[in-house]
Amino acid sequence: MSKKNEDEDIEWKLQFAKAETILMRNLLHPKARAYIFGVVLCKAYLEKIGAVDATHIKYILFRMIENSPGDWTEENIGGKLLLLLKFLKKHVTSQKMPNYFLWKNNMFATIPNH
């Protein structure tokens, strides 16, 4: 059970908008489609519970691309999307997801257990 962060309302949030924009602009069709499908699923089913948003999907996708940059084809978009969702489930279950840019920052640290 995670502890409630009492300073959550006054903490800063670091964003890397320029770096994210550069990474997103360089996504080829299969990677971009996997991202879009992931975000649509997230918005339709997961954002309502208030724990997961498009940033989580984006950072998992960035990590997947970093680990296998040339392994994305139109034929395996479904498999990549399932793998993305599997990684998301793993992170939600463990309540630990490192920020893509700040590896030691847990993106689920302030999210309630429910």
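Leaving aside neighbours within four places in sequence, Lys58 is in contact with Glu20, Met24 and Tyr35, where contact means heavy atoms within 4.5 Å. Lys58 is placed in helix H3; helices (H or I, at least four residues) and strands (E, at least two) are DSSP runs, numbered from the N terminus. The structure is a predicted model, in which local features need pLDDT of at least 70 and side-chain atom pairs count only at pLDDT 80 or more, while totals for chains, interfaces and linings use all residues. Residues are numbered from 1 along each chain as its sequence is written, and side-chain values use heavy atoms, with hydrogens and water left out.

The protein chain contains 4 helices and 0 strands, giving the pattern α-α-α-α when read along the sequence. Of its 114 residues, 30% are buried; buried denotes under 20% relative accessible area, exposed over 50%, and partly exposed the range in between (1.4 Å probe, protein chains only). The accessible surface of the chain amounts to about 8,200 Å², and 60% of this belongs to carbon and sulfur atoms. Accessible areas come from the Shrake-Rupley method with a 1.4 Å probe, and for residues only the protein chains shown count as cover. Among contacts between residues at least 6 apart in sequence, 62% join residues at least 24 apart.

In soluble globular proteins, nonpolar side chains tend to be buried together. The largest nonpolar core in the model has 24 residues, and Ile57 and Leu61 are those with the most contacts inside it. Such a core is a set of buried Ala, Val, Leu, Ile, Met, Phe, Trp, Tyr and Cys residues joined through side-chain atoms within 4.5 Å. Two or more residues are given to this core by each of H2, helix H3 (54–67) and helix H4 (77–94), with H3 supplying the largest share, 8 residues. With residues up to four places away in sequence not counted, Ile57 touches Tyr35, Gly38, Val39, Cys42, Leu84 and Leu88. Leu84 lies in helix H4 and counts as buried, at 0% relative accessibility. Neighbours within four places in sequence aside, the contacts of Leu84 are Ile57, Ile60, Leu61 and Met64. The C-alpha atoms of Leu84 and Arg63 are 9.8 Å apart in space, and the two residues are 21 apart in sequence.

Side chains of opposite charge can pair when their charged atoms come close. Under the criterion for a salt bridge (a side-chain nitrogen of Lys or Arg within 4 Å of a carboxyl oxygen of Asp or Glu), the count comes to 4. One of them is formed by the side chains of Glu20 and Lys58, with an N to O distance of 2.8 Å. This pair links distant parts of the chain, Glu20 being in helix H1 (residues 17–25) and Lys58 in helix H3, 38 residues apart. Both partners are buried: Glu20 has a relative accessibility of 12%, and Lys58 has a relative accessible area of 14%. The side chains of Lys58 and Glu20 are also joined by a polar contact of 2.8 Å. A polar contact is a pair of N or O atoms within 3.5 Å; within protein, one must be able to donate a hydrogen and the other to accept it, and residues adjacent in sequence count only if both atoms are side-chain atoms.

A salt bridge is also found between Glu74 and Arg33, whose closest N and O atoms are 2.6 Å apart. Glu74 lies in the loop between H3 and H4 and Arg33 in helix H2, so this pair ties together parts that are 41 residues apart in sequence. Glu74 counts as partly exposed at 37% relative accessibility, as does Arg33 at 39%. In the salt bridge of Glu66 with Arg63, the closest N and O atoms are 3.5 Å apart. These two residues are 3 residues apart in helix H3 and are separated by about one helical turn. Glu66 is partly exposed, at 45% relative accessibility.

On the surface, Ile36, Phe37 and Val40 form a nonpolar patch with about 280 Å² of accessible area together. Patches are made of residues with over 30% relative accessible area and no salt bridge, like charges being joined within 9 Å and nonpolar side chains (Val, Leu, Ile, Met, Phe, Trp, Tyr) within 5 Å. Ile36 is placed in helix H2 (residues 29–46) and is partly exposed, with a relative accessible area of 48%.
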